[in-house]
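Hello,

Here is the structure I said I would pass on. My notes follow below it.

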Amino acid sequence: MKKYLFILVFCPLISLAQRVDLDRFNFTVQFHSLPAMRLDSTYHTYNVVVETSRMMQPFMKPAVAENSVILEGWKKLPAYGHITIKVKLEDLLPESVSIKERVENIKNTLGQITGTRTLYHEEVVYTFAAMAMISDYKGMHIMDQALADRGYKQVYKSPEFPFRPMAEGYFVLNTMTTTGDLYRNCVNRAMHYLSDRITDNFGYSDVTVNDMMWIVGNKKHPEYEDHRKAFQQLTEVLFSMNANQSIEGAREQLKPVIDYFESVKQTYTSSKKRDRKIRYASYYNLAVLYYYLDDPQAMMKEATGLVLNDFDTRDGKNFEATATSLKNLFQQANIYTRHFKIDPLSYRGPLEGSEQTVR
């Protein structure tokens with residue numbers, strides 16, 4: 001009878017100890033974005049030229065627009081950069097004017113509707129267009145970039161007024177002020193969009209991302225403490241990684257963590273769900289780790305392991321696509337790491353002598 005009671009009590013404890021609960025643990029890491037388009041590796045300076053019509057010049061000087069264009073990771077020169085970004089800003093053109101009305105309920109202190117009132121405002125449909133042309137100092141055309149198109153109809157709404165005649169003609173009476181505000185907003189949006197596009201295509205921005213790994217959450221599991229120790233160690237290394245510094249030593253620092261997650265795969269080898277789940281965490285965490293170590297080949301190996309492990313094949317397939325994308329990005333940029341020193345102040349234009357490269 002005693003033996004029977006012992007088994008009855010002990011079996012649930014074994015089951016509880018082997019259950020695998022995984023919790024999301026977050027971490028932060030930094031790296032450089034890499035350019036989507038490949039240029040001469042010695043090109044690291046640029047200048048911006050903005051052209052606008054005489055009618056729009058009172059609302060924003062070209063120099064103001066020029067100063068707002070930023071190519072991250074490059075040095076901006078007043079003229080004669082390796083590439084020239086020429087921007088043409090067209091006029092802001094009103095197309096139609098109409099009066100709109102809105103009926104509003106009037107309520108008393110008890111919240112009861114006692115009547116209505118009509119409010120009027122003026123709506124002006126307008127368009128704006130802008131284009132950027134990019135070429136190098138040798139005169140070779142690189143690309144054109146549309147920044148705004150007249151096919152996109154924008155609408156200005158005036159303040160509301162209690163009488164229709166007050167709304168009529170509001171835009172005409174305030175043409176200079178309103179047009180100036182609208183034009184500056186259009187130009188600022190266009191310059192911001194241009195900065196994003198040229199940085200995506202040619203630049204090196206600092207990127208800080210938050211990501212996650214799967215760590216054992218139930219205290220009774222044998223890997224509970226070691227999972228946490230491994231995560232603590234890897235987050236310390238990842239957090240210390242700087243976009244402007246090489247990560248050559250990081251792989252060696254993380255070897256104990258990598259070895260641990262690999263050993264978990266060899267310890268829990270059955271096809272039971274609980275073993276597949278704990279192996280899933282190892283494959284997943286290693287895939288994420290290799291991504292931030294700039295190793296798409298090793299990431300692909302873990303991603304394929306995730307698929308074959310057959311716990312959550314979608315994550316494995318997504319990681320395979322990510323590893324392929326990272327590999328292609330490295331090949332396109334001809335740079336095989338996202339961690340290297342960038343010092344734009346040290347760069348010199350093509351007419352200023354010798355040039356340092358990003359490598």
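**Helix packing and one serine**

The crossing of α9 and α11 is left-handed, meaning that the near helix is turned anticlockwise from the far one by less than a right angle (clockwise would be right-handed). This is a predicted model, where local features need pLDDT of at least 70, side-chain atom pairs count only at pLDDT 80 or more, and totals for chains, interfaces and linings use all residues. Residues are numbered from 1 along each chain as its sequence is written, and side-chain values use heavy atoms, without hydrogens and water.

Helices are DSSP runs of H or I with at least four residues, strands are runs of E with at least two, and both are numbered from the N terminus. Helix α9 (residues 273–292) packs against α11 at about 15°, with the axes 11 Å apart. Axes are lines fitted to C-alpha atoms, for helices over the stretch in contact, and angles run from 0 to 180 degrees between N-to-C directions. α9 is therefore roughly parallel to α11 (under 35 degrees; over 145 is roughly antiparallel, 65 to 115 roughly perpendicular, the rest oblique).

Helix α10 (residues 296–309) and helix α11 (residues 313–333) have axes that come within 7 Å and cross at roughly 165°, so these two are roughly antiparallel. Their crossing is left-handed.

Ser158 sits in the loop between β9 (154–157) and α3 (164–167). With 7% relative accessibility, Ser158 is buried (under 20% relative accessible area; exposed is over 50%, partly exposed in between; 1.4 Å probe, protein chains only). Beyond neighbours within four places in sequence, Ser158 is in contact with His121, Glu122 and Tyr170 (heavy atoms within 4.5 Å).

Regards
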